[in-house]
Each structure stands twice: as C-alpha cells, then as structure tokens.
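Dear colleague,

Please find below the structure that I am handing over to you. My notes on what was found in it follow directly after.

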Amino acid sequence: MRAEMFRGVPWLALLVLAAVGICAAGGEALLPFEPGELDLGAAFKPPAWISGDWASPLGADNLGRDILSRIMAGSRVSVIVAFYAILFSGGIGAVAGMVAGYFGGWVDTVLMRLIEIQQSVPAIALALILAAALEPGLPTVVLVIVLTYWAWYARIIRGEIMALKGRDYIAFARVAGVGTARIFLRHLLPNIFNTLVVLATLQVGQVILFEASLSFLGLGIQQPDISWGLMLADARQYITNAWWAITMPGIAIMLTCLASNIFGDWLRDRLDPHLRQL
Amino acid sequence: MLRLFGRRLLQGLFSIIGASIIIFVISRLSGDPIVMMLPNDAPLSAIEEMRRTLGLDRPLWAQYLIFIQHALVGDFGNSYRWKMPALQLIMDRLPATIELAVCGLLFSVAVAVPVGVMSAVNRGGWVDRVGRVFAMLGQAMPAFWVGLLLILLFAIQLNWLPAFGYGSASQFVLPAISLGWYPVAAQTRIVRSAMLDVLDSDHIRLSRALGTPERLIVWKYALRNAAIPLLTMLGVYFAAMLGGAFVVETIFAWPGVGRTVVEAVFARDFPVVQAGVMFTSILFVASNLLVDLSYGLVDPRIRDAR
Amino acid sequence: MAQSLQRIAAAAVFSLPFLAHAQAPKPATGSLAVAFGAEATVLDPTHSSAGVDQYFFGQMFEQLVRTGPDLKRLNWLAETWSVQDAGGKPVIDIHLRKGVKFHNGDPLTSEDFEYAFKRQSDKKISIWTHLQAAVERFEIVDPLHFRLHFKEGDGSYVASDLTLWAMPKRYMEKVGDEAFERAPVGTGPWKFVSRSVKEEIRFEAFDDYWNAEQRPHVKNLTIKVIPEDLTRVAAFKTGAVDWIDAVPPAMTEEFKKLPGVVTASYVAPNNMYITMDSVTPESKFYDVRVRQALAHAINVDAIIKGVLFGQGQRYVEVGIGELGYDPDLKPYPYDPKKARELLKAAGYPNGFDTPCYNLTTPREPYQKEVGEAYFAYASAVGIRCKVVGMEYGTWISFGRRERQGYVDGLYSNMWGHGLPGDPGTPWAGHLHSYVPGKGWGATSTYSDPEMDALVEDLKREMDIPKREALIKKIARIKHERVAGGLTTYRPLVTFAWRDKVTFKPWPMAFWRSMQEIGLKQ
Amino acid sequence: MLLSVRNLQTHLHLRRGLLRAVDGVSLEVAEGETLGLVGESGSGKTMTGLSLLRLLPKGSGRIAGGSIQLDGQELTTLSEAQLARDIRGRRIAMIMQDPMTSLNPVFSIGDQVGSPLRNHDIARGTALRGAVVDVLRRVRLPSPGERLGDYPHQFSGGQRQRIVAAMAIGCTPRLLVADEPTTALDVTIQVQIINLLRTIQDDTGAGIILITHDLGVAASLCRRIAVMYAGQIVETGPVRAIYRSPSHPYTQALLAAIPRLGAKRGRLTAIAGQPPSLIDPPTGCRFAARCPSRMAKCAEAPPVVDLGDGHSASCWKLAS
C-alpha cells in the first residue's frame, strides 16, 4: 500500500522544492554572503566554472553581489508571496465555493456573478490599477494574486461540493439534523482537501511567474527586498556583459516552476484525476 | 441559440458593470483621488477642474454615477500627459494589442494541437516527449525573460528575425512566441486528454471498423471533437494573452495598450489607466462571448440548444 | 572631438547672418531610421511637461537663441537681442531674423512670438507659466522687432534661451490646438509627416529651412521608439536603424569596438544629488558635520567607474560647461576615516541608523544600483542605511514640500535643465527655504537666510557675467555647508551610428537634435 | 463458406497478466446466413467480433493464433493497411451496440454515411450525395434527401441505428458483424431494427454475425447459434435444436433465465457464481465451478461432442 502510494513520485521535483524550502526557511544563516553586500571590485565575476572561483559559484552581479546568495535570499520572497497568496486565495476561494455549492440558490447566484466580474478584469490590469492606487510592494503583489485567484478556487470547489451534496451520506447527515458547521468540517472539507492541495501546488509556479512579471514592470517587489523577478528585471541591463546575472535567477524560477508543476501534475493524477484540464 | 446569445450578452454587460465598480472603488481607495490622478506638477486649475468634474463633494455612489455616465459616452477624461482623450489613446493602440494577443494564441494553438494529438496517438513517442518538455518549459519561464533571450539569440546572434517593430509578418514571430509559449502546456494537456477520450469512443471505433484511414480518423473525426474543450477555454487563454501583452509589448517596442497603460501608471496618468483597464475588461468579456458563440461552429449540439 | 566641435561652432557664429539666402541648398534625398529609448508625449512645445518632449518637438520648433554644439549660445531666430534698462525695469529688445518661414510657408513675424507668449502665459495651456510671470508686457515694434517688458529682473529668462518658441499664429488660429497637436508646424529643419504613438514619428527635411549651413542632409527621417535597451541595441545591430541613443553603459565599450560604428558620449543635463533634511533640528543631518561626513564617505569616482562603466561625470555644485562652473571647486575626497571622525565630533561615535530612500524606477541608467552603492558606502562609515525602495510616483511626491513635510533620512534626487545650463532655477527650488505658495523651495531640505538672499539675487540678475560670479559665490558656500544636498554626478549618454551616417550632436533635446544629420554621399 | 474461423486465439497483454479473451474459437458463416453469437458480458463474444476486423485495443491486443478466412482469403496475415482498404467497412462491416454513441456528434450524417463510400471508392464527388441518399433510403430513413446536413442529435435512437446500419451496408459488405444492435433500444424499436437487418440480408445476401446476450433476439433473427462462455464456444447448432434440446449446462441455464412473456426482464447473471478469470483460466471445463452437474472429469478439458444436424457441445456429460 505504501509502495503504491509513492509510485512514480517525481523525486527530482521534490528535491528542487525541498531545496527552495530550505533556502527560504534557513534565512541568513545559510547564505554564503550577505546578499546586499557590495563589492565593486568583484562586479561581474563570472561563475566558478568559467573563470570565477568557488566562493561565488554562480558569479556576481553588477555591484559584485554574490548571485547564489541573492538567489537563496530571493527564494524567501518567492516562498512568502506564494505562501500568503495561496493561503488567502485558497482559503477565501474554498469557503466561498463551499458556501455557494452547499447552499445554492441566491447565494450561489451572487457568487457566480462575483466570479464572472472578477474574471472579467485581467490580473495584470488589476495589478496596474492597484499599483496606481496603493504602493507597489510585497503586500500589493499578494493582494493582486489573491484577488485574481480566489475565483479560480471558488469555481472548482463549488463544482466539487455540488457533486458531493448529491451523495447519500451528506443528504443523510442533513436529514439526521447534523449541524451545518459540522457538515462543513467533517464531511465537506475532507472531501475537497485533495482538490485544494492539487490546486495550491499548481498555483505555486503561476505565483512565481506573476511576481516576476510584476517586478519586471516595476510594480512588484521593491528594493531592498530581493526577489527572483526583480533580479531578472535588474540584470537585463547587463545581458550582454554578464549573461549569468540574468540566466541564474531565470533558471531558479524555471526549476522551481517546473518542479511545482511536475509535482502538481503528479498529485493531480494521484489524488484528483478529474482535474486534468487545469 | 439566439436566446443563449442574449443571455451571455446580458451576463457580459453585468460583468463589465461589475468591473467598472471594481475599477472605480480601487481608484478611490487611496483617499484623495486627485493626488493619484494628477501628476505632481499639475497646475492648480487642473486640480480644481478635476474636483468639479469628478463630483468629489458628492457621496460615493453619486461619484460612481458620474463616472459611469461619462464612461458610457466614452469620456474617460483627457490624458494629462498626452493632451488627448484617454479613450482615443487607448482605442488607437487596441488593434496592435489584439493582433499580438491573437498571434500569441495562434502560436500556442498551432503547437498545442499537433503535440496534444500526436502524444495522444503515440504515447511515449518522440513528438510526445519533445512536445511535453517544450510545453512544460513555456509554463516555467517568465515571458519577458523568454523575449530577451529570443532577441539575444535570433536577432543579435543570428540576425534571422527582427527584434522590434509592428507591421510585417516576421515582426510578429518573436513576440508571438514569447507570449504564446506559456499556455502551450495547459492546451496540450487539454487536447491530449480530450483526444484520448475521443479515440476511445464508440464512433471512432465504428469509423475504424468501417475502414476510415487512420489519418482521417485522427485529424478529422477525432480532432473536431477534441477541439471543443480547447475552444471553451480559448476565451480564458485570450485573456491571459492580453495580460501577457502588457509585459511583452515593453520588450518588443510594440505600440499597444499594455505599454501605454504601464507608463501611465508611473506617470499617474489616471484617465489612461482607467480607460485602459476598462477596455481590457471589455475586450476580455467580448472575447469570451465570441468564444461562446463559436462553439456552435464546431459543436452542432450547442447550435440547437434552447 | 570637443576641439573640432568648437571650431565648427565658431565658424557658424560668424557666418550665419550672411548665409541665410546666400545659396539655394541642394534638396536632400534618401531616408534614415533612428531609434530613441524614450518618447515625447506632446508635439506642441507649449504643452510640454517634461524634458523628454523636446525629443520630438525640438526637431520641429525653434527658439530665439540656441546653444550650439560647443555649448556656446548662438543667436538663432533672433538676429540680435539685448537686455536694456527702461526706468529701472529691464526690457529685452529682440530683432527677428529675416526670411524665416514656417513649414506651411507663412513668414515668421513678431506676432507669432506674441501669440507664443500669450499661450505660454496661459495656465490652461502651459504648466510653465511661472517662467513668464516676470514679463509685464509684450510690445510689437514692427513685424521683425519686439520688446519684452519685465516687472523685475528675471535671470532664468535669459538663462533658459529666452523661453519663447516660434509658433505659427495664423495656422494655429485656423486649425485649433487639437489639430495642431496632430499636425504641428514650426520653423525647424524637420517637417512633421506622421506619428504613431509608442511606435514612431516621421519627418521630412524642410526644403525652405532658413539655415542653409546647419541643416539635415537626408530627406526622410523616421524616429522609432524602443524603450527596452536590448531591443534597441538589437535594432541597431540588425541594421533596422542606423543611429541609436542611450547605448546602455554596460555596452558602450563593446560598441566602441564595433567596426563601421561611430560613438560619442555627452553629458546628460541631469544633476544627481543626495538630499537630506537639514531644516528640522531633530534630523541627524541638521549638523553640518554629519553632512560633511556623508560627503567624505561616498566614493563617487568608484561608483562611476564600477557601477556606471565610466558613463558618468563627477561634478561639484555646478557641472562643466554650465554657467558658473568653477574648476577650482574640488569635491570632498573619499575619506572614510575623516567621515568617522566628523561623525564622532557630531556626537555619533557609534554612528546611527537612518532610513535611506532609493528611487527604483530608472530615470537614468543604473540609477537604482547607484543608490544602492551610495547607501552601502554611507553604512560603511556608520550612517547605517535602512534602504527603502520607491518607484517614481512615490518618489516624486516625496520631494514636494507641499505634499509631504520634511522626511527623515537620505534620498537620492536630481534636477534637470537645458544645455549648457544655469543653476538659478534649480537652486530656487531646492536650496532656498521652503516658502509656501511663493514658489521658493518647492523641494527644499535646507533653510538659511544668507543663502536665501543670495539665491533671490541670482533670480533677478540678468547680466551674464554678473550671474556667473554670483553662481560661483553661492556654489562655494553651498559646497562648504553641503547645503541643499550632496552633488554627485551627471550621467553620460552615448550615441552610436553607422559610419555611413553623418551626425553632429546639437545639445537641444539632450543631444538628440537632428539639426545636422545626413547620409554620406 | 463465406467466413470460416479456426481455433482463433486473441490475447490481451494487460499489466495484470496475459488475458486470453478468445481461446480457441471456431465458427462458420455461410452466405445469406445469420449466426447468433450468444454469451454474457465478458464471455469474449465482442472480442471475437473485433478480432475478425483486427480492431483490438492498441498496444495490448493481439491475435495469437488460428485463422480467419473470408471467401477463402486469410485475414490474419493481411497488413493493417490492406485490412483498412479492402476488408473493414468494405467486405466486413460492423454495427455497434449503442446508436447514441456510435455516431460522431460533430459531423453531419451525410458526411458520416458517405465516409465509407468515399474511403472505399464506391462513390465520389457529385455521385456521392446520390449514393448516400440511396443507402439511407434502403435503411428506411424518412426523407433522407433533406436530412443529409443534419447532425446525430437531431435523430431518435431508432433512426440513429438505421443510420449506423446505413454506414455499414453502404459498400455492400459480404459480412455484417452486429454487436448488440438492439440492446440500447426500446422494445418496439428493437423489432424495427431486427426487421431492418432481415431486409438488408434479403437485399444483399450478406452473412451476419449477431452478437447478443439476448437469446430471444438471437432466436428471432438467426438460423444458427453459437454460445460462448469464458472465451470459448461451448455449444453451437441450429436455433431449433438449441432451444428444444440445449445440451450444455450453461446453455440450459441461459434458457432458464429467459423471462417469460409478461415477466420482468432478467439479466443472465441469474446464474449463481462468477465466470472464471481469463488471465489464468482453469485447465478443465471453464463452467465447472458454476455447473450443477459437475463431475470429477470436468477438471480436464471437455471434448466437442457432435450431437448431429450441425449441433455440437463441449461437455463431459455428453461424452459419457
């Protein structure tokens, strides 16, 4: 049974995700260098395998800052953004979807209209107008993602709940006078848990890319916070001088997104095959 | 069909009104909208005039009515920077953005359909493998990064394709790839799973039993069925393309709405931001409507529904 | 380079008056495409709100006087002009050049300048009306002769090339402002053909241009707008355009080595400095020693070399070429030890923590990184920066006293001006104390009655040599007290063009003037 | 003989192991004759029908042995391309179980009925339309000329089965394999379809293999019946013989399970127990586990016992 459960686990993807997690959790202690530390003498030091040294294996950027340290530090922002964005969008979406799916009627109608409205404002447009109204930065990035993605969760969870509601044991529980809160917690939530996990995993990559896009436009993470998207956006000025400055954070993004997508796909096939269209 | 269309149209209108409320509310979030809407060096007269036209002395709902009243006749105010109606600025740039989004979408579909079909037909074949890696990469890279690398490779190193500009077909190539790569993975998955379903269906088995050549079975009889789930999602993907265009336009110096709005955000040119966001939403809703209508072209069952 | 430019400019000054109709110029032929990194928004100079607008209108419109390639002032549409005294009030007396035509064929007359003056004084049209505030009356003597009567002295009027643009009164009254924006008509060397926002603007050489000597030698000019550095570079390298501005500093070395490519670097008239609150007594920077410590702490030369790839020019209060430039005024040397001592003397033996605000929207190349470097150097001596990033919208409010009071800590700032430049107006904004509603000290972080008096004197002074002396005097005091911020560098902007192109940079539009561009025969 | 199948072995290579779906089936169909292939689901009757056209699950299915001859031509050795060109839809055609799913929902019936005609070069271009109308008329579809552009969802279940039949008979095949053609239909429609198959046979003289679990349907249409159980034919013979004197205990059980008139329809699962797994089938009689008259000998493979008049069954009971 155990062996069955772990069959086909994408170990490589899990390894990448674990590495990102450790970098993010480990904080300053793990970093070879202080990520903001300037060393103009070491500007554009190439990666170790070209002509650099193993002190900065991935080389240094235009201000001589160690790229590896910055990538590791940047993982923290990516993880924080992903964590809060997923927590809130998933939480809000799940509750809204459950309520709408369970109660139906006007509650459902209102929610569906809200979802439609939400989905008629493209995420990037929402980000632009929010950035114009509020100050750009990490909280704004999270807010934009939450506002964009809650509807995604809500729509899918609602469908699941509507299917569940028809099942006998839920109907029985209702007839037997089990309290609504209890039905939600004991019967509905466990049943949509798999779906939530799959959606959350698949969202990680999207969040990271979205953060990168916003940072590129100057509407995302603001200095002195370090994020992968910001590193890319900054390093593009030196793309012909120091390809590693723009390539390395890009690869970090790519690996993390690939890993979370592959892991998410695997989870979906394992836990919730009917979500395959996502 | 007509009733369905009518209902969708009504829903779309509702969404647009909702979107306008969102935009309006956010634009009032930061307290005094004047601070946000006008550049810092705006003359006093402009501030007073804006206060008056926005009705800032009135309650919020009345302000919204004023906003919507102006919006209905296409008056989003004048761009402070460009000294022309914000609406005109946006409308002039809309076609370029739509073209870019459509090209991005075409690229993604042009890749996703063959890869999805081939990987459903020969699971584990080289097309399946290469195609899937290609698709997954697109989903894991920021579009602007892809754009920069493409310029570096195909324009600067190889000099095969132009790095910028808007007009000729070759100028569409790099932006369309940067933009359209991202959704390839999801689209491939949709096509692949739909194809697997269809290829396992009775009517395909019957077709095969009656000696229909495999080529026709896959690319004609199965594909048209498998295209339906992809088609239903095209509206969503088109919207994603519009969003992506905001980023890609900057890289490729594309004369579209995205760049205009992004710059307007930084210049605090709020009429342009409002008009731009509003029109992106309208475009989004309209594209979904169009997609809804187009099901009928492929799926005759929808054509006769209700 | 500088020498040859000077020679040509000198020749131009003497020969101009005779050349206007001396010979019929050969009509230009051929086409040229160039790329700019930034785009002007409006085409009517009166509507201009930012320096970047000159990029386009500067090719089509002209002023009474103009700065030549050698940064010397030339009489341009004004054949002669002088500041006179009329009963204690100054008057500028101007004679227009004969035979100047607008692109539509109308001759240039005094009425056109009166019209321009009215529009530039109209708050509904222009945001620069304060520049005309000192002018009391516009007097037309005859079609080629007019006078500007001033209420009081206004040094900046002279410093900014007499401010007025030649606008075609008859044409504008006929078509209206909006149509004019879409089809502008000026006296300049380039005639408007078409424009697509965010894409390009097309010009045609004006055959009847009055200046037969200094004029374009190509018929059609297209300016493409390509903001992304790599894309602009790619456009040049792939041959889509033959001239680009703002070669990214990181690539200038590479460009200089490209065969068949000419590059030239010029100072961009944008003066970078670091501001600190020296008004509030509680501010750490109220003490001059702390400000001096900062000045000793930052190694500007290393930043220019390391961060900017040498694409910057250090300056002290007044840049090279600017009015009042003083070669004897030397920057504070980089001396961290001295900096620590000064801090200790000011009562901070262990240094202190301070917020440091960095502009993250790159108005100039690598500005964000330069800011990071400033603050890293400051931290090293004990002015420990807690860096806060700000995008442009936030940053610009930050500097405005009427919007935001004095802000604790350091932040990077800049002022821009025309070329060659005159610090009078910027100093009125950031060196003079803040006086609400009077226009003084709108972005000031400094307050000192002695300095206020000097800056006010400078504002009124219209005589150039006297201005120069006054500027030098103020600069010395400003430097000594690190007043109104610590001046650091002026960015260099590099242009590149293929050697089949002939190009002589004129300072208008920050060296992007296409006054003399052409194709080699 | 039109069709002659000898010792057919069809294997499915599944992850759980090798499944012998058809294990040594032999049968014959004469011109104009209808053979009923009867058995419960999983007995291998459908797989037998698919084996004739080699329409086995891709990758896993394979004909492992035996021979299939149509008009004396061996089919098992033909290439996939030859099969598609000359056999499938041309000389052997199939009618599938569910008319609701057997038609492609997004193509017009004109296209679908015309498809085999086009593919087998029966009619092309302008003649195609006429040929399609003609075929549809032969299956008694009302006003076929006006409905060529209509889509499957616009037709009733019975009409759709007629359309499916039209697709099958368009190229006047020699053999029709009808797999449960009536199961999904109402009783009255069933009768119509059965009549239709009869008419088609009268018109074209084609042989028919009718695959069904319903002995009643088989009785009304067939002259001979073969009863399948667990991948093998357990009894074969003329309809009358089988009905009057079913010899194999399984056939007997089947007949006992046929509902009498007015009684509720029952499924064949009325027989106690489950059929054996075909991945690792018992070596002896496969029905033994469920057989009421099981004996010790049943642990060995039973012999085929000829009962005369073309009637035979494999059972130790008959051999003794």
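**Findings: the chain C sheet**

In this predicted model, C:Thr354 stands opposite C:Cys385 in E16(C). Strands, labelled E, are DSSP runs of at least two residues, and helices are DSSP runs of type H or I with at least four, both numbered from the N terminus. Strand E15 (residues 352-359) of chain C is joined to E16(C) by 8 bridges, and the two run parallel. They belong to an open sheet of 5 strands in chain C, ordered E16-E15-E17-E13-E18, with mixed pairing; two strands pair if DSSP finds at least two bridges between them. Strand E16 (383-390) and strand E18 (486-487) of chain C are the edge strands, each pairing on one side only.

Helix H12 (residues 367-381) of chain C lies across strand E13 (270-276), E15, E16 and strand E17 (410-416) of chain C, and runs at about 160 degrees to E16(C). Axes here are lines fitted to C-alpha atoms, for helices over the stretch in contact, and angles run from 0 to 180 degrees between N-to-C directions.

**Conventions**

Residues are numbered from 1 along each chain as its sequence is written, while chains are lettered from A and ligands numbered from 1 in the order in which they are written. As the model is predicted, local features need pLDDT of at least 70 and side-chain atom pairs count only at pLDDT 80 or more, whereas totals for chains, interfaces and linings use all residues.

**An enclosed helix in chain C**

Helix H7 (residues 229-237) of chain C is largely enclosed by the rest of the structure, because 8 of its 9 residues are buried. A residue is buried if 20 or more other C-beta atoms, placed from the backbone, lie within 10 Å of its own, exposed if 12 or fewer, and partly exposed in between. The buried residues of H7(C) include C:Leu230, C:Val233 and C:Phe236. In chain B, the buried residues of H7(C) pack against helix H7 (143-157) and helix H11 (214-251). Within chain C, they pack against strands E1 (31-36), E10 (220-225), E11 (243-244) and E19 (489-498). Just after H7(C), C:Gly239 takes a positive phi of about 85 degrees.

**Contacts between chains**

The contact between chains B and C takes 31 residues from chain B and 31 residues from chain C; two residues are in contact if their C-beta atoms, placed from the backbone, lie within 7 Å. H7(B) gives the largest share of the side of chain B that touches chain C, 5 residues. By class, that side of chain B has 18 nonpolar, 6 polar and 7 charged residues. Ala, Val, Leu, Ile, Met, Phe, Trp, Tyr, Cys and Pro count as nonpolar, Asp, Glu, Lys and Arg as charged, and the others, Gly among them, as polar.

Between chains A and B, 34 residues of chain A are in contact with 42 residues of chain B. The largest share of the side of chain A that touches chain B, 9 residues, is supplied by H5(A). That side of chain A has 23 nonpolar, 7 polar and 4 charged residues.

**One residue in chain C**

C:Asp93 is found in strand E5 (residues 89-96) of chain C. C:Asp93 counts as partly exposed, because it has 17 C-beta neighbours inside 10 Å. Not counting residues up to four places away in sequence, C:Asp93 touches C:Trp81, C:Ser82, C:Gln84 and C:Arg147.

Yours sincerely
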